[in-house]
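Here are my notes for someone meeting this structure for the first time. Have a look at the chain below, then go through the points one by one.

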Amino acid sequence: DMEPTTLPSGDHNIAYVLSLMTCPNPNGTPSPEEQVYLNGQYDPERSFYDSAAVLKASICTHTKQTEGSGSEYDFTMYAIVHPKAVTCLNSDGAEYDRVQALQELGYWVLIYNEAVPKAHISGSTYLRDNYDNTGVRDLIKLHAYKLEQHPVVVMVDLTTLILQPLDEVINSFLADPAKAMYTKNYATTLPVTGTNQGINTGLFFLKPSKEEFDALKYTYATSYY
């Protein structure tokens, strides 16, 4: 049996959270962050490990864990992983364990299902009838709101690269009553109207709160879409 563990915490310990909802296509076209080849063959396992390592290193470099960084904040690296994204296939058909890779890199791994079960959706027939095709796995990101032992959570993805300390941004966010702070994704298709934009969860700041977590789940479950 595994012994119970206590997650890191502290007023100056920032949680950085990577979320993994699905496995990559082992024979498909690699995404920009997965452009790693061995002997001319695309290698999802190696590219995933390298991407996760670079992400963590870029964060660590600009925290107090690195001497001379100038930052007053420590950090803890988390990965929230959907059960169907734990074991994936390599290009040769062999399985590889992404949780094991993340743990080797020093990530705290949390495995969660969708935050809102299908049976709980009452406000939208469309969301209920198309449950598996509406990005519902993305809702595992909401579990980051439960990391209340940290003052701030920063959602990142495998395309995120931190180039300087985030102290100024974090301090400004903590001094503001806002519950979240984010950048936007703009449509790459024409026409660009200025309204066809979405929230970029590749760099998303939130103040963890189980109360907010429950409120967001309720809103998703009961709202019309």
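1. Start with the disulfide: Cys23 and Cys88 are joined, with their sulfur atoms 2.0 Å apart. The term stands for a pair of cysteine sulfur atoms within 2.5 Å. In general terms, a disulfide is a covalent bond between the sulfur atoms of two cysteines. The structure holds 1 disulfide. The torsion about the S-S bond of Cys23 and Cys88 is about -80°, so this disulfide is left-handed. What does the pair tie together? Cys23 sits in the loop between strand E1 (13-20) and strand E2 (37-38), while Cys88 is in strand E5 (residues 87-89), so the pair connects parts that are 65 residues apart in sequence. The element names come from DSSP runs numbered from the N terminus: helices are H or I runs of at least four residues, strands are E runs of at least two.

2. Before going on, a word on what you are looking at. This is a predicted model, in which local features need pLDDT of at least 70 and side-chain atom pairs count only at pLDDT 80 or more, while totals for chains, interfaces and linings use all residues. Residues are numbered from 1 along each chain as its sequence is written, and side-chain values use heavy atoms, with hydrogens and water left out.

3. Are the cysteines buried or exposed? Cys88 is buried, at 2% relative accessibility, whereas Cys23 is partly exposed at 29%. Buried means under 20% relative accessible area, exposed means over 50%, and partly exposed is in between (1.4 Å probe, protein chains only). Cys60, at 22% relative accessibility, is partly exposed.

4. Next, the aromatic rings. The whole structure has 2 aromatic pairs. To pair, rings of Phe, Tyr and Trp (its six-membered ring) need centres within 6.5 Å; planes under 30 degrees apart are stacked, over 60 edge-to-face, and the rest tilted. Tyr16 and Phe75 have ring centres 6.2 Å apart and planes at 75°, so this pair is edge-to-face. Tyr16 is in strand E1 and Phe75 in strand E4 (residues 74-81), so to speak a link between distant parts of the chain, 59 residues apart. Both Tyr16 and Phe75 are buried.

5. The other pair, Tyr182 and Phe204, is stacked, at 5.8 Å centre to centre with 5° between the planes. Tyr182 belongs to strand E9 (residues 180-186) and Phe204 to strand E10 (residues 197-206), and the two are 22 residues apart. Phe204 is buried, with a relative accessible area of 12%, but Tyr182 is partly exposed at 40%.

6. A cavity here is a set of points, on a 1 Å grid over the protein atoms alone, where a 1.4 Å probe fits but cannot get out; lining residues have an atom within 4 Å of a point.

7. Which residues line the largest cavity? Among them are Ile14, Tyr16, His62, Ser71, Asp74, Leu166 and Ile170. E1 and helix H4 (167-174) are the elements that give two or more residues to this lining. By class, the lining has 5 nonpolar, 3 polar and 2 charged residues. Nonpolar covers Ala, Val, Leu, Ile, Met, Phe, Trp, Tyr, Cys and Pro; charged covers Asp, Glu, Lys and Arg; the others, Gly among them, are polar.

8. Last stop, helix H5 (residues 210-222). The 13 residues of H5 should span 18 Å, and the end C-alpha atoms are 18 Å apart, which agrees. The expected span is 1.5 Å times one less than the number of residues. Glu212, Phe213 and Ala221 of H5 are buried, while Tyr218 is exposed at 57% relative accessibility.

9. Tyr218 and Ile121 are 97 residues apart in sequence, with C-alpha atoms 8.8 Å apart. Thr219, also in H5, is partly exposed at 43%, and its C-alpha is 8.9 Å from that of Gly123, 96 residues away in sequence.

How values were computed: 1 Å grid on protein atoms, 1.4 Å probe; cavity = no way out; pocket = protein on both sides within 12 Å on 5 of 7 lines; lining within 4 Å.
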